[in-house]
Structure formats: C-alpha cells, structure tokens
Amino acid sequence: MTTRLGIIIVGSEILLGKREDKHFARSRAQVHARGYELAWSLLLADSWQDLVAQYRWAFAQDCAFFSFGGLGATPDDLTRAAAAAALDLPLQRHPSAEARIRERFGDEAEPIRIRMADLPKGSDIIPNPINQIPGFQLQNGYFFPGFPQMAEPMTAWVMERDFPLCNPAVQLRLILRDQRESDWVVFMEQFCAAHREIEFSSLPSFLADGHTQIEIGLRGEETELEQAWTSLRQELERRKVRWEWMEGPLRTDEAMT
C-alpha cells in the first residue's frame with residue numbers, strides 16, 4: 001500500500017443536485033491530518049453496471065480506497081452487491097453484522113434491516129457507533145454509510161487502526177512575476193526529467209494591468225524538494241526573475257522582489 005488513498009462517493013441524489021456531498025472535504029482533511037494524500041475521487045450514480053466496473057477498477061489499484069453510500073436495504077442501495085460482483089464473490093450473511101443488527105433492532109430487524117448484514121464473502125466489519133449497522137472492509141476497500149455523521153467516526157476508527165501517522169509531502173509554491181509560460185517550457189521539461197520524484201505544476205495568469213505571471217508548485221519528500229528547489233533557484237537567479245514566496249519551507253526574505 002502507498003500513502004495515497006482513493007475515494008468513491010455513491011449517490012444519484014448528489015449528481016442530480018438534491019443533496020450536497022460532504023464526504024470529500026471531510027475525508028481529505030482526515031487523510032491529510034495523518035500525512036496521507038488523495039490519489040483520486042469518483043462520484044457515481046446508483047447504477048449497477050457503473051458501480052461494478054468502478055469497484056473492479058478500484059480493487060485493482062495499489063492504494064486503499066474509501067467508499068461512501070449505498071449500504072442500506074432499499075432497491076437503490078447497490079454497493080454491497082456491486083462490490084461483491086466486482087470480485088466475483090457471493091454475498092453471505094455476516095454473523096457479527098447480523099448479531100449487531102439484531103441486538104440494535106430486535107424483532108424489527110426482520111425482514112428488511114437484516115439484509116444489511118449480507119456482505120461480500122471475506123469481509124470484515126467496521127463498527128458503526130451511531131446505529132450499530134456496520135460498514136465493511138474487503139481487500140483494499142473500506143465501505144461506509146452515506147450519512148456523514150455516521151461515516152466520520154467510522155473513518156476515524158479505520159485511520160487510527162490501519163493508517164499509521166507518516167510524514168506528509170512538503171509543498172512549495174511561488175509566483176514568477178512578468179513571466180510567460182512559453183519561455184519556461186524547455187526548462188520545465190528538463191527540470192521534471194531531472195527530478196522525477198517531485199510533483200510539478202505550472203499555472204499562468206494574465207493580470208488586469210496587462211502583466212503576466214506564473215505560479216510554480218513543487219511537492220515531494222523534503223530532501224528531494226530541497227534539491228529541486230536549488231535547481232530552480234539557480235535558474236531564477238540566472239534569468240534575474242522577480243519572484244515571491246507563497247508557501248513552503250522557505251524564508252519570506254528569500255524572495256527576489
């Protein structure tokens with residue numbers, strides 16, 4: 001597993017504008033707080049074919065993923081069955097999930113709520129402290145209910161158990177004043193080839209006064225970032241470029257104004 005995670009959010013109601021998603025921003029904050037980062041995010045409708053295809057793809061990735069929504073017992077709650085189908089697994093009654101649901105609802109567990117104990121074969125349950133209907137883990141996938149107030153303590157529990165604190169990537173951003181991106185492309189290509197472990201981004205802007213500028217972003221492990229920054233700083237000095245520090249492990253008095 002890498003220090004990256006994916007996110008799948010299931011719900012036609014979000015795509016139709018009937019409900020606003022709250023999982024992405026919350027999960028991003030949780031992930032970043034432990035030194036991890038998001039690799040990708042999918043927002044999917046309650047479509048059987050799409051869910052099976054996208055879960056099959058997600059299971060094949062080299063990172064864990066969190067999935068939110070679709071764990072209920074109504075006909076549009078397809079996540080449990082779709083996750084099973086993506087791995088060619090049957091659904092089967094999970095004894096621990098069944099016990100929790102029966103303890104919570106008693107006779108009212110039958111005949112509908114108990115269906116939520118039918119999980120893909122080989123799943124481990126994720127406890128739900130709000131209403132005791134658990135989520136589940138299957139291989140590199142973690143499946144949570146669509147209600148944020150339930151999902152939040154469940155993802156926090158998973159992060160604490162399975163994702164140890166790690167050193168986050170370091171980010172550096174600066175503005176190059178009165179520069180055109182086209183004048184930097186060759187250097188950018190050489191820079192990226194020389195520093196393959198560094199994430200590089202370039203964002204040009206056209207200002208109201210007619211001037212242009214480029215926002216440069218570098219992101220990576222601290223030692224590698226320092227080496228990349230030395231290379232970029234030398235080029236800035238050679239070209240006598242005015243630049244301003246925005247974010248990163250630099251002193252603000254280093255900016256060339």
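**Setting up.** I'm working with a predicted model, where local features need pLDDT of at least 70, side-chain atom pairs count only at pLDDT 80 or more, and totals for chains, interfaces and linings use all residues. Numbering starts from 1 along each chain as its sequence is written, and side-chain values use heavy atoms, with hydrogens and water left out.

**Helix α4.** I looked up helices (DSSP runs of H or I, at least four residues) and strands (E, at least two), numbered from the N terminus. Buried means under 20% relative accessible area, exposed over 50%, and partly exposed in between (1.4 Å probe, protein chains only). Six of the eight residues of α4 (79–86) are buried, so this helix is largely enclosed by the rest of the structure. I listed the buried ones: Thr79, Arg80, Ala82, Ala83, Ala84 and Ala86. Just after α4, Asp88 has a positive phi of about 55°.

**Cores.** A nonpolar core is a set of buried Ala, Val, Leu, Ile, Met, Phe, Trp, Tyr and Cys residues joined through side-chain atoms within 4.5 Å. The largest has 30 residues, and Phe143 is among those with the most contacts inside it. Helix α3 (48–59) is one of the elements that supply at least two residues, and α3 gives the most, with five.

**Leu165.** This residue sits in the loop between α6 (148–162) and β9 (170–177). Is Leu165 buried or exposed? I found it exposed, at a relative accessible area of 63%. Leaving aside neighbours within four places in sequence, Leu165 is in contact (heavy atoms within 4.5 Å) with Ala33 and Arg34.
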